[in-house]
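Here is a short tour to read with the model open beside you.

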Amino acid sequence: MNENHQSKIHVFYSPTKIIIGLNSACQVAQEVKQFGGSRVLIVTDPGVVAADLIAPIASSLNSGDIVYVVYKGVEPEPPSRVIDQGAEIYEAEGCDLVLGVGGGSSLDVAKGISILAANKGRILDYCGIDQVPQNGAPMILMPTTAGTGSEVTRVLVLTDEEQNTKNVVFTPYALANAAIVDPLLSLSMPPTVTADTGMDAMVHAIETYVSMTATVFSDILAERAIQLIADHLPVAWAKGSNTDARYHMSLAATLAGMAFGSGGLGAVHALAYPLGTEYHMTHGRTNAIMLPHVMRYNTPGSPERYARIAELMGRNIDGYGLLEAADLAVDAIQDLLETIQVSCRIKDYEIPESDLPKLVAGGMKQARLFVPNPRDLNEEDVVSIYREAY
Ligand code: NAD
């Protein structure tokens, strides 16, 4: 344990009921009833519907005589209008419970609809920290990717299309009444989605672990998540039908979500955001691209923690100096990215070098995330990290 922890007061926030297990989706009707639902709005996207993931859920709801309406209008990195539209449908259909089924995009839209059901207006009215006056409609979240951990977090992320930025609604009312984590729902993810979302979970775990706002609780969760992802992501990527690998990735993503919910994030997220908003790349991919470069920059700020990450990823650090051992963590991440065929070079994504100033300006807009980062950054540092990443 980090000895500095003993001189701080730590808060852990994870009141969500979590149900995890193969085939746990069949318990959804029971949970809907427990939270008083009888007419459910299923919030999802066309990819999840095409993968036939609604079928086991519909079957459970039908057997419990629960009526449901499917809203499949979710778009990746969801624009705020998708949430506003879903809230109109929720009201028009007279629903009484929101059921998010999908990746982080669908779960975040479900959170927004739940909030608007009780607070009215548009979701952009509630951006920021603790701007939501009252609890939303009952909500159950069922992840079908193993990445964001949204099923257990107090935040939802949306795209403000007018400002061309990502925005967050951070409120305890974004917590689900229950999360049902059924790894069988993740088997159909194609390898690129498995890779991108799995790396998103890894970034949550690593950023929280090295963050200045890490807590005794986030440490325990993050360490286990790092280990599980290092061991199981390559298998889940290579053999999507491997239920053991999928189980452990689903568990790791939920643990990493709980970790960053009680720890913090940092410069990886800050510098990844502009890649997402400018070039419409997935959240997981942009985080994966920036991770090794920010780690390389950060190691002097927290060498013990990075050395421990190297160990958690299976590297033997015996006989190495602390900084050398910390560098082994960066090597381990680069090897993992190579294995799952994710390039961490910006130039491989058809982004011209002349766009780097635009990325720097976008990254600097997220400077609030530099505060918990283990090494200070100024604009010059941001320029050099993007150059290195190019
Ligand atoms: P996603 O929800 O956008 O899904 C990506 C694609 O995968 C979609 O096309 C979807 O249809 C498809 N898909 C999902 N599950 C599938 C399955 N089992 N089989 C086949 N296809 C499947 O991706 P994501 O990475 O899970 O979520 C990203 C979003 O989550 C971003 O908007 C990001 O900002 C947000 N996010 C939220 C939190 C939070 O705590 N609220 C944390 C991190 C990220």
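Between which two helices is Asn373 found? Asn373 sits in the loop that links helix H13 (356-364) and helix H14 (379-389). Before going further, please note that this is a predicted model, in which local features need pLDDT of at least 70, side-chain atom pairs count only at pLDDT 80 or more, and totals for chains, interfaces and linings use all residues. Residues are numbered from 1 along each chain as its sequence is written, and side-chain values use heavy atoms, with hydrogens and water left out. Helices (H or I, at least four residues) and strands (E, at least two) are DSSP runs, numbered from the N terminus.

**A buried asparagine and a partly exposed serine**

Asn373 has a relative accessible area of 3% and is therefore buried; buried means under 20% relative accessible area, exposed over 50%, and partly exposed in between (1.4 Å probe, protein chains only). Leaving aside neighbours within four places in sequence, Asn373 is in contact (heavy atoms within 4.5 Å) with Glu207, Met212, Gly266, Ala267, Val294 and Asn298. A polar atom of the Asn373 side chain also lies 2.8 Å from the backbone oxygen of Arg375.

For a contrasting view, look at Ser59 in helix H3 (residues 55-63). Its relative accessibility is 45%, so Ser59 counts as partly exposed. Ser59 and Val74 are 15 residues apart in sequence, and their C-alpha atoms are 22 Å apart in space.

**The six-stranded sheet**

Now turn to the open sheet, where six strands pair in parallel in the order S1-S9-S6-S4-S2-S3. Two strands pair if DSSP finds at least two bridges between them. Strand S1 (17-20) and strand S3 (67-71) are at the edges with a single partner strand each, so one side of each has no neighbour in the sheet. On average, neighbouring strands here are turned by 20 degrees against each other, direction ignored. Angles run from 0 to 180 degrees between N-to-C directions, and axes are lines fitted to C-alpha atoms, for helices over the stretch in contact.

Within this sheet, S4 (residues 97-102) pairs with S6 (residues 139-143) over five bridges in the parallel sense, and Gly102 stands opposite Pro143 in S6. Helix H4 (residues 80-92) lies across S2 (39-43), S3 and S4, and runs at about 155 degrees to S3.

**Strands S5, S7 and S8**

S5 (residues 128-129) and S8 (residues 165-170) pair in the parallel sense over two bridges, with Ile129 opposite Phe170 in S8. S7 and S8 run antiparallel and are joined by six bridges; here Asp160 stands opposite Thr165 in S8. These two strands form a hairpin with four residues between them, and Asn164 in the turn has a positive phi of about 50 degrees.

**Around the ligand**

How many residues surround the ligand? There are 31, and the closest are Asp45, Gly104, Ser105, Thr144 and Thr153. A residue is near a molecule if one of its heavy atoms lies within 4 Å of it. Here are some distances to the ligand:

| Residue and atom | Ligand atom | Distance |
|---|---|---|
| Asp45, polar side-chain atom | oxygen | 2.8 Å |
| Ser105, side-chain N or O atom | oxygen | 2.6 Å |
| Val155, polar backbone atom | nitrogen | 2.8 Å |

On its own the ligand has 870 Å² of accessible area (Shrake-Rupley method, 1.4 Å probe), and the protein covers 89% of this. Helix H2 (46-50), helix H5 (104-119), strand S7 (155-160) and helix H6 (191-210) are the elements that give two or more residues to the shell around the ligand.

Key: A polar contact is a pair of N or O atoms within 3.5 Å; within protein, one must be able to donate a hydrogen and the other to accept it, and residues adjacent in sequence count only if both atoms are side-chain atoms.
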